[in-house]
Amino acid sequence: MTQTFLVTGAAGFIGSHSVEWLLAHNHRVVGVDNLRTGHLENLEVARSSPDFEWMLADVCDEAAMRELFKKHRFAGVLHLAALVSVPESFREPALNYQLNLAAADCIARLCLEFECKRLVFASSAAVYGAHAALPNQESAIPQPQSPYAAAKLAAEVMLLGYAASYGLETICLRYFNVYGSRQDPGSPYSGVLSIFTDRFQCGLPVTVYGDGEQTRDFISVRDVARANGEALTQMQVVADRYNVCTGRGISLNQVLAIYQELFPNAPSVEYAAPRIGDIRHSQGNPEKLHNILILKSQTPFEQGLRELVVGGLGR
Ligand code: UD2
């Protein structure tokens, strides 16, 4: 039976890929976005499908969201809409509270009211903080160091509280460093691979903050979309928090070695002082999620990066 799913933040980087995964697996999707940071062009493929319904709306608008829940009987919700920038959460703590905590609570209450059983929530590796033991395990005590991380953690606690209280199937996914097409390179705080790809393609030098030996657990957006889709649609899940990562830490210098093969004539890399608050190493343990979801093999980093460079950021 065809089921209908709601995706909030559908026009975003992760949202648009997740919508396409659901459509490719024969589901109907309603996509909502206020286009604050999302782009309608990201939904070009989705909007050509008769199984996709687009709605320009703000997830904080409870009346609009209630109308949507009333109209459709959602089998599940993928809640991705968020204030996505950590630095912006410092500048705009009230907006961070609204978008990253209050909106999640509102969506969860609507799920309860309209008997939608499954809620997949976009959390972040940011909840671990800079001093957590590596690889990050879900059982570690979180140490949020930004309003962004605090709100994501608070939302996890709230939603898992609803799981325990009302049986809502809440899956909190802690994304690590997601990369891939449609990641907007437009701000200095954009994902490093979107910035590097954009600059190398324009023949411009890239800047590395620090010595380049910092590591990140980079995961392809394609694998993240699949994890989102499987978490939303698989029969057996356990309401809990899960890392979405590869388990492999790669240094920026290793990343640059791949770019150098792809852009042999690129200007030399510039090194600058490390960014304030920068985490030295980030690496997660993916086992817990892999134990509940049947996930096929993941995209090797070298392959994912080459595809991004060849296919382009906009695809
Ligand atoms: C990621 C998330 C952030 C938060 C955090 C949790 C992204 C975009 N950001 O921040 O939301 O969850 O993890 O810890 O996924 N860098 C350069 N040159 C550049 C840009 C960045 O050297 O032009 C460095 C940067 O200093 C850092 C690394 O690249 O050491 C990764 O930076 P990032 O902004 O992609 O992601 P991160 O890990 O700081």
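## Aromatic pairs

The count comes to eleven aromatic pairs, where rings of Phe, Tyr and Trp (its six-membered ring) pair if their centres lie within 6.5 Å, with planes under 30 degrees apart counted as stacked, over 60 as edge-to-face and the rest as tilted. This is a predicted model, in which local features need pLDDT of at least 70 and side-chain atom pairs count only at pLDDT 80 or more, while totals for chains, interfaces and linings use all residues. Residues are numbered from 1 along each chain as its sequence is written, and side-chain values use heavy atoms, with hydrogens and water left out.

Among the pairs is that of Tyr 162 and Tyr 166, which is tilted, at 5.8 Å centre to centre and with 45° between the planes. Both residues lie in helix α6 (residues 147-166), four residues apart, about one turn of the helix; helices (H or I, at least four residues) and strands (E, at least two) are DSSP runs, numbered from the N terminus. Tyr 162 is buried, with a relative accessible area of 11%, whereas Tyr 166 counts as exposed at 58%, given that buried means under 20% relative accessible area, exposed over 50% and partly exposed in between (1.4 Å probe, protein chains only).

## A pair across the chain, and a cluster

The rings of Tyr 179 and Phe 301 have planes at 70° and centres 5.4 Å apart, so this pair is edge-to-face. The pair links distant parts of the chain, with Tyr 179 in strand β7 (residues 177-179) and Phe 301 in helix α11 (residues 301-311), 122 residues apart. Tyr 179 and Phe 301 are both buried.

Elsewhere, ring pairs link Phe 196, Phe 200, Tyr 259 and Phe 263 into a cluster.

## Charges over rings

A charge sits over a ring if NZ of Lys or CZ of Arg is within 6 Å of the ring centre and within 35 degrees of the ring normal. The charged end of Arg 174 sits in this way over the ring of Tyr 128, 4.9 Å from its centre, and Lys 288 lies over the face of Tyr 242, at 5.2 Å from the ring centre.

## Cysteines

The structure holds zero disulfides, a disulfide being a pair of cysteine sulfur atoms within 2.5 Å. Cys 60 is in no disulfide, and the nearest cysteine sulfur, that of Cys 106, is 7.7 Å away; Cys 60 itself is partly exposed, with a relative accessible area of 33%. Cys 111 is likewise in no disulfide, the nearest cysteine sulfur being that of Cys 116, 3.9 Å away, and Cys 111 is buried, with a relative accessible area of 1%.
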